[in-house]
Amino acid sequence: MVRLNSGYLFLRYLMILLSCVILISGLVLFCLGIWIKYGAASFIEVMGSFTSQLLTSSYICMGVGGALCLLGMIGCSGAWTQNRWLILLYFFIVSMMFIGQIVGTIVVILYKDVVTSMIREASKESLMTAYMGPAATDPISRAWNSIMIEYKCCGFENSTDDFKSSIFGINTGLLYPKTCCVDMNSPECNGLDTTPSLIHQQSCMEKLIETIMDKSVIISAIAATVCIMQLASMIVSVVLFVRLGAVLC
């Protein structure tokens, strides 16, 4: 057995710790991808033409999360078994992922406003042209109904004003659907009476943005943690690789 000094042991256990943090971050990101695909079904449907892109983002989260989990296991295994080649593999994979994340972050920052604007337009268009009412069974109508009921909101930007020129308003002659009502069983809330106390006054756009921002904070925190851990892991893995080679010699 190789005799190890205290400095080497510290690096070894530090790499195991960093690898475990990366593994846990991967699990969180993987779970977030699952939530985007299954738990946020309503939000995805109302994005209209952006539905496929959001579903793709869920697969990306799950894929990257799985890769981080695998990377964490490689790092832990390499440090625990004192395998130089696993440590070297770990360093190269971490380096490639770190560079990819930096490039991805720059792209997101550059196109953030454009993507946000396009998502807003796609969401509003789905409400104006595809929402058919509370009794409709198509995916977009069910998605909007779920959002308005669950988050107690109405319309996209201007509450009842959004329905005036929508396909729902044209077909029914109503100013708002039953799902906008504070009390859906109230006879006074009939789609024509716009008394503020009868209808949810907050627009669903605010709720959509609030939910997306909440998840963005989680994603940003994970990304920042992973980047810091990856940078530290690259340094530790290189030093550990060199020290292990010297010890073995």
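**Loops and their surroundings**

Author: Q82 is buried, because its relative accessible area is 16% and buried means under 20%, with exposed over 50% and partly exposed in between (1.4 Å probe, protein chains only). The model is predicted, so local features need pLDDT of at least 70 and side-chain atom pairs count only at pLDDT 80 or more, while totals for chains, interfaces and linings use all residues. Residues are numbered from 1 along each chain as its sequence is written, and side-chain values use heavy atoms, leaving out hydrogens and water.

Q82 is found in the loop between α3 and α4. Helices (DSSP runs of H or I, at least four residues) and strands (runs of E, at least two) are numbered from the N terminus. The protein chain has seven helices and zero strands. The phi of Q82 is near 60°, a positive value in a residue other than glycine. Most residues other than glycine have a negative phi.

K152 also has a positive phi, near 50°. K152 is placed in the loop between α5 and α6, the latter covering residues 167-172. With a relative accessibility of 52%, K152 counts as exposed, whereas Q82 is buried.

The loop between α4 (84-130) and α5 holds Y131. Y131 is buried, because its relative accessibility is 0%. Beyond neighbours within four places in sequence, the residues in contact with Y131 (heavy atoms within 4.5 Å) include S141, W144, M148, F163, I167, F168 and P177. Its side chain also makes a polar contact with that of N145, at 2.6 Å. Such a contact is a pair of N or O atoms within 3.5 Å; within protein, one atom must be able to donate a hydrogen and the other to accept it, and residues adjacent in sequence count only if both atoms are side-chain atoms. A further polar contact, of 3.4 Å, joins the side chains of Y131 and T179.

N145, the partner of Y131 at 2.6 Å, belongs to helix α5, residues 139-150. N145 is buried as well, because its relative accessible area is 7%. A polar atom of its side chain lies 3.2 Å from the backbone oxygen of G133, and the side chain of N145 reaches the backbone oxygen of P134 at 3.4 Å. Leaving aside neighbours within four places in sequence, the residues in contact with N145 are Y131, G133, P134 and T179.

The chain as a whole gives the setting. Of its 249 residues, 40% count as buried. Among contacts with a separation of 6 or more, 68% are between residues 24 or more positions apart.

Its largest nonpolar core has 29 residues, of which M15, I22, L68, L71, I87, Y90 and L240 touch the most other members. α1 (6-39), α3 (51-81), α4 and α7 (204-248) are the elements that give two or more residues to this core. Another core, of 21 residues, lies apart from it, with A130, F156, L198 and I199 among its members. A nonpolar core is a set of buried Ala, Val, Leu, Ile, Met, Phe, Trp, Tyr and Cys residues joined through side-chain atoms within 4.5 Å.
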